[in-house]
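Here are a few friendly notes to read alongside the model.

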Amino acid sequence: MLRNPRIVLLDEATSALDAESEALVQKALDGIMSERTTIIVAHRLSTIRDVDQIIVLNKGVVESGTHAELMSKGGEYAKLISLQISENVKDQSTKSYQQTQGEGLSFTESSINATPPKGLGSTSSGEGKPSDKNKHSLDRTPSLRELVMLSKPEFPYAVLGSIGAALTGIQAPLFALGITYMLTAFYSRDDSRIKHNVRITALAFLGLAIVTIPIYLMQHYFYTLMGERLTARVRLSMFKGTILQLI
């Protein structure tokens, strides 16, 4: 609208609005449609009563003309108008009936809380309340075996990650052992021997530091990969359950 187009295409512009909002939007659209060509696609026929030309489509063009001309013909357009008027009357009567119920009790609430007919007692109770078996299955906590089986496809990643974790855990005792060996080397009275033992310990620490890099990468990579795959599969299962559940 900011660019002031010469042709405007409206596709179901008020289909998701109630009657009050539709009237406000339609009033704004009437101002927008002035002095420009407007093509409107609509199933709610109240929005196209004042247009210059109405074309009714049903596997091709059925009829065309203004609102008054089509109503006088009594064809498909007139039938659609009468159907929508009857639906609006039915909705208004239902709304008024709901408002005349008891204090705060709507027609929907009363129909839900009402006692079911005698012949339908077993059916409604079966649909309205979950059975004891279903309730027990919903409240049941999954066992450790079920959780392990759930992560069965990621078992190789878990094994490799556990190996990396075990090697990572060994480093602390080895570090303490190296420090102890270096301290005991200073008790020697031979300077050359002290230098030799310190050199060996320093090289051992250097080698241990180099080995630490792939060990940590191994641990974190495979554990992360396992968690990502397991989380993605669980989320996909939850999504499928949500989509395929009975409504």
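1. The buried residues of α1 pack against β1 (7-11) and β2 (37-41). Contact here means heavy atoms within 4.5 Å, and buried means under 20% relative accessible area, exposed over 50%, and partly exposed in between, with a 1.4 Å probe and protein chains only. Helices (H or I, at least four residues) and strands (E, at least two) are DSSP runs, numbered from the N terminus.

2. Before going further, please keep in mind that this is a predicted model: local features need pLDDT of at least 70, side-chain atom pairs count only at pLDDT 80 or more, and totals for chains, interfaces and linings use all residues. Residues are numbered from 1 along each chain as its sequence is written, and side-chain values use heavy atoms, with hydrogens and water left out.

3. Which residues of α1 are buried? They are E22, Q26, L29 and M33. These four cover an arc of only 65° around the axis, which puts them on the same side of α1; the arc is that of the directions from the helix axis to the C-beta atoms.

4. The face of α1 turned away from that buried side carries E20, L24 and K27, which are exposed. Just after the helix, E35 takes a positive phi of about 60°.

5. Stepping back, the protein has nine helices and four strands, following the pattern β-α-β-β-β-α-α-α-α-α-α-α-α along the sequence. Of its 247 residues, 17% are buried. Among contacts between residues at least 6 apart in sequence, 52% join residues at least 24 apart.
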